[in-house]
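This report describes a single protein chain, from its overall make-up to selected local features. The sequence and structure come before the details.

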Amino acid sequence: MANTFTSVVRQHWERGIQAVLEKSLVAMDLATMKIIPDGTTLNIPRLAFQSTQTYTKYTDLTFADLTTASDTLTLNTNAVVTFSMDDLDEDDTYINITPQAIRQGGIKLKERLDGDFLAEVLNANLVYDNGGLRANTGTITPIALVTGGSQNVSAVFGNSQASLINAGVDMNKLALVVDAFTMNTINTLGLEVGFDVADEAFQNKLARGYRGRFLGMDVYVAGCLTASRVFDMATNPTAGDTVVINGQTFTFVASIGTTAGNVLIGASADATRVNLAALLNAPGTTTANGVAVTDPSRFEGLTATDSPGGDTLTVVSKRGTLIASSTMTNAANDWAAETLNCAIMEKGAVWMALRDNLKVRDAREPKKLVTNYTVLTRYGLVTPNSGKERMVRIAIQSAAAEV
């Protein structure tokens, strides 16, 4: 009987992917990492701060009760990548595809985890948008960064930083998280340090997106920031009108056909937006109202929500800017300005638990020469009340409104 080394190979894959996750996750540098060795819940108690008072001789002091509360960190996300491999396909290829597919699965899990982690900035108490620094409530209007003689980059990031320092955060632990496009804008002002350090810890920081310092803060570049953009469509499209998102063209058609990205024009603009939303939310599925896209992975972390009363479709991405455009017969059907949520935070403001037993599992189909593979990781995220006070959501206009 032939020897079987499947379990050994699986453990090798598991260790490899786990190492990649821990080395490349932005969250590993910025989160308070916790271990939940058993069960799924960790309680995070907190004690409210007391107020100071002035003592006057021979007068009574006021004694207040201590107030406690608790936040909860729960392992509640089970992220899985799956694929199938037929023995004949594996025999016919000149390279071993399965290990490569598993490694790519690890990359997708990394993107999923970082996207969820960076979305926690939406919970910050403060936001800097076109209205300046204010409470993170109501309608958010992104601010366009300006360079040159009238640059506002220093004010946007500097005032956000100052608000946190004024609130008592540890300024030595502040980090600025931006995307690559915003990093290019910051580079017009210059970073404070280069990359002449070669120790292992520094190399790990580079792998996690560290790019230097700006205004005294560590700067991290991340491709998984949360972006949102609204598509205004009060009028039903004309056949042949198109919307492009992340390189995929969506064509509005009177008859569904078979072309990838076709969207059926409904009886009303509301019905057509619903059809588009359904395809964006399930890009790999063909229905009577939409044809599956060429590469569904481009839409990982993307969610589309129709607003019938507002005649709009809101698209949210946890993979950064959407790179969206449209060509519509009615010019009023167009994209509004895009909001990209960057952040300044004290490291540790967001708590994260990453179960360190990432699993690679394989199972044989009972009547086929097919193996089904799953790559699983478990994690949980929470921003405690104290963490919400130690970060600022910075709503950047990453794309102007279409005209």
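Is D129 buried or exposed? D129 is buried, because its relative accessible area is 2%; buried means under 20% relative accessible area, exposed over 50%, and partly exposed in between, with a 1.4 Å probe and protein chains only.

## Basis of the model

This is a predicted model, in which local features need pLDDT of at least 70 and side-chain atom pairs count only at pLDDT 80 or more, while totals for chains, interfaces and linings use all residues. Residues are numbered from 1 along each chain as its sequence is written, and side-chain values use heavy atoms, with hydrogens and water left out.

## Overall make-up

The protein chain contains nine helices and 22 strands. These are DSSP runs numbered from the N terminus: H or I with at least four residues for helices, E with at least two for strands. Of its 403 residues, 43% count as buried. The accessible surface of the chain is about 20,300 Å², and carbon and sulfur atoms hold 52% of that area; accessible areas come from the Shrake-Rupley method with a 1.4 Å probe, and for residues only the protein chains shown count as cover.

Among contacts in the chain with a separation of 6 or more, 72% are between residues 24 or more positions apart. A contact means heavy atoms within 4.5 Å.

Strands β5 (residues 126–129) and β6 (residues 132–135) pair in the antiparallel sense over four bridges; two strands pair if DSSP finds at least two bridges between them. They form a hairpin with two residues between them. D129 stands opposite G132 in β6.

β5 also pairs with strand β22 (residues 391–399), here in the parallel sense and over three bridges. The bridge partner of Y128 in β22 is I394. β22 pairs in turn with strand β18 (residues 338–346), antiparallel and over eight bridges, and L340 stands opposite I396 in β22.

## Salt bridges

Side chains of opposite charge can pair when their charged atoms come close. The structure holds 14 salt bridges, each defined as a side-chain nitrogen of Lys or Arg within 4 Å of a carboxyl oxygen of Asp or Glu. One of them joins R134 and D129, with the closest N and O atoms 2.7 Å apart. D129 is buried, whereas R134 is partly exposed at 24% relative accessibility.

R364 forms a salt bridge with D87, the closest N and O atoms being 2.9 Å apart. R364 belongs to strand β20 (residues 359–364) and D87 to helix α3 (residues 87–92), so this pair ties together parts that are 277 residues apart in sequence. R364 is partly exposed, with a relative accessible area of 46%, and D87 is partly exposed at 23%. A further salt bridge is formed by E111 and R319 (3.3 Å, N to O). E111 lies in helix α4 (residues 97–118) and R319 in the loop between β15 and β16 (324–327), so the pair ties together parts 208 residues apart in sequence. E111 is buried at 17%, and R319 is partly exposed at 28%. K108, E111 and R319 are linked in a network of salt bridges.

## Helix α8

Helix α8 (residues 269–281) has 13 residues and spans 18 Å from its first C-alpha to its last, close to the 18 Å expected at 1.5 Å a residue. The expected span is 1.5 Å times one less than the number of residues.

Buried residues of α8 include A269, T272, R273, L276 and L280. An α-helix has 3.6 residues a turn, so residues three or four places apart point the same way. The cover over the buried residues of α8 includes β11 (242–245), β12 (248–253), β13 (262–264), β14 (302–307) and β15 (312–317).

## Loop residues and a surface patch

A239 is placed in the loop between β10 (227–232) and β11 and is partly exposed at 48% relative accessibility. Leaving aside residues up to four places away in sequence, A239 touches F252, A254 and I265. The C-alpha atoms of A239 and F252, which are 13 residues apart along the chain, are separated by 5.4 Å.

L61 lies in the loop between β2 (41–47) and β3 (68–74) and is partly exposed at 39%. Together with Y55 and F63, L61 forms a nonpolar patch on the surface, with about 390 Å² of accessible area in total. Patches are made of residues with over 30% relative accessible area and no salt bridge; like charges are joined within 9 Å, and nonpolar side chains (Val, Leu, Ile, Met, Phe, Trp, Tyr) within 5 Å.
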